[in-house]
Structures are given as structure tokens and as C-alpha cells.
Amino acid sequence: MNRQEALQHFLKTYAEDALNQKLHQAASLYEQIKEELISSFIQSFQSICLQAHSAEVAKTRIGYITYSMRRTYLMDRNYNYVVEAYDKNWFFDPQPCYGIYDAGWAFSFLAELEDELNQLRKPYMNKIFQPDVERFVLQAAGNFINIF
């Protein structure tokens, strides 16, 4: 079995099933703590709005509010969305407001998936590398966003 065949076998045999299992676990957790998560999200939104309207920042009008997950954060297992509020100039706003939203409740399953897949790749005897697993996990991150 060459490297490409081994990678395809690994993805079909282990990775997709492991991903589906973790997505199911995350969805189950979401259903259990949905009200708490809604409250947490609303709080993060209110916080950025209050910060934008505070006297220290002196923003009169919010033009844009963005929630973004950074790829580098995922790689570092930091599951905070960066929340930013801008005026009408958007990214050219000289003083944007910053906050965070903790999505660790969902993305912690992504870390478990990566750990599990790194163990499962070992029997392939150096035909599947850690960057292969990292690539799969980063591509799978979007599935965890769709849970909420």
C-alpha cells in the first residue's frame, strides 16, 4: 500500500467515523446546555456593544460586528472566537473594540478528534503523518461551527 492509498484508507476507515462520533457528542452536549450557551453568546454580544458605546472608546455608531475563529487559535487549542466591533470604516477603523466568545464547549471535541486520530495513524507505519491529521482536523472544524 503506497502513501496515497494508506491515507485514503485511513480517512475512510477511521477519520470519518471518528469525526461523526465527535460531532454527535458535541450536538448532544449542545442540546443539554443550550440555554446556558444562548445566554453566554448574548452576553458576549452585549459586552462588545457596551464596550463600543463606552465613553473610553467614544464610538457613536457601530458599523460591523464580526465573530471570527482564527486558524492559529485552533492549532493552539485556543477555542475563543475573536469578537470585533468596527465603525462604518470596517477594517480601517482606527480604534476597533475587541472581545472574545468561548466556544470551547464545541471545539474541545476537535482536540479529542485530533488526539484520537494521531493514535490511529501509528499502525500505518510512517505513511500517514501528523500534518495529514492536522489538515483533516482543520477541515473538520467547520462541521463543529454548524452545530450552533
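At what angle do helix α1 and helix α5 pack, and how far apart are their axes?

Modeller: This is a predicted model, in which local features need pLDDT of at least 70 and side-chain atom pairs count only at pLDDT 80 or more, while totals for chains, interfaces and linings use all residues. Residues are numbered from 1 along each chain as its sequence is written, and side-chain values use heavy atoms, with hydrogens and water left out.

Helix α1 (residues 3–32) packs with helix α5 (residues 130–145) at about 35°, and their axes are 11 Å apart. Axes here are lines fitted to C-alpha atoms, for helices over the stretch in contact, and angles run from 0 to 180 degrees between N-to-C directions. The crossing of α1 past α5 is right-handed, that is, the near helix is turned clockwise from the far one by less than a right angle. On the α1 side, the contact (heavy atoms within 4.5 Å) is made by Arg3, Leu7, Phe10, Leu11, Ala15, Glu16, Leu19, Lys22, Leu23 and Ala26. Helix α5 contributes Asp132, Val133, Phe136, Ala140, Asn143 and Phe144. By class, 11 of these residues are nonpolar, 1 is polar and 4 are charged; Ala, Val, Leu, Ile, Met, Phe, Trp, Tyr, Cys and Pro count as nonpolar, Asp, Glu, Lys and Arg as charged, and the others, Gly among them, as polar.

Leaving aside neighbours within four places in sequence, asparagine 118 touches Gln130 and Val133. Asparagine 118 is buried, because its relative accessible area is 13% and buried means under 20% (exposed is over 50%, partly exposed in between, with a 1.4 Å probe and protein chains only).

Of the 148 residues, 39% count as buried. Among contacts between residues at least 6 apart in sequence, 61% join residues at least 24 apart. Along the principal axes, the C-alpha atoms fill a box of roughly 65 × 35 × 20 Å.

Key:
Helix = DSSP H or I, 4+ residues; strand = E, 2+ residues; numbered from the N terminus.
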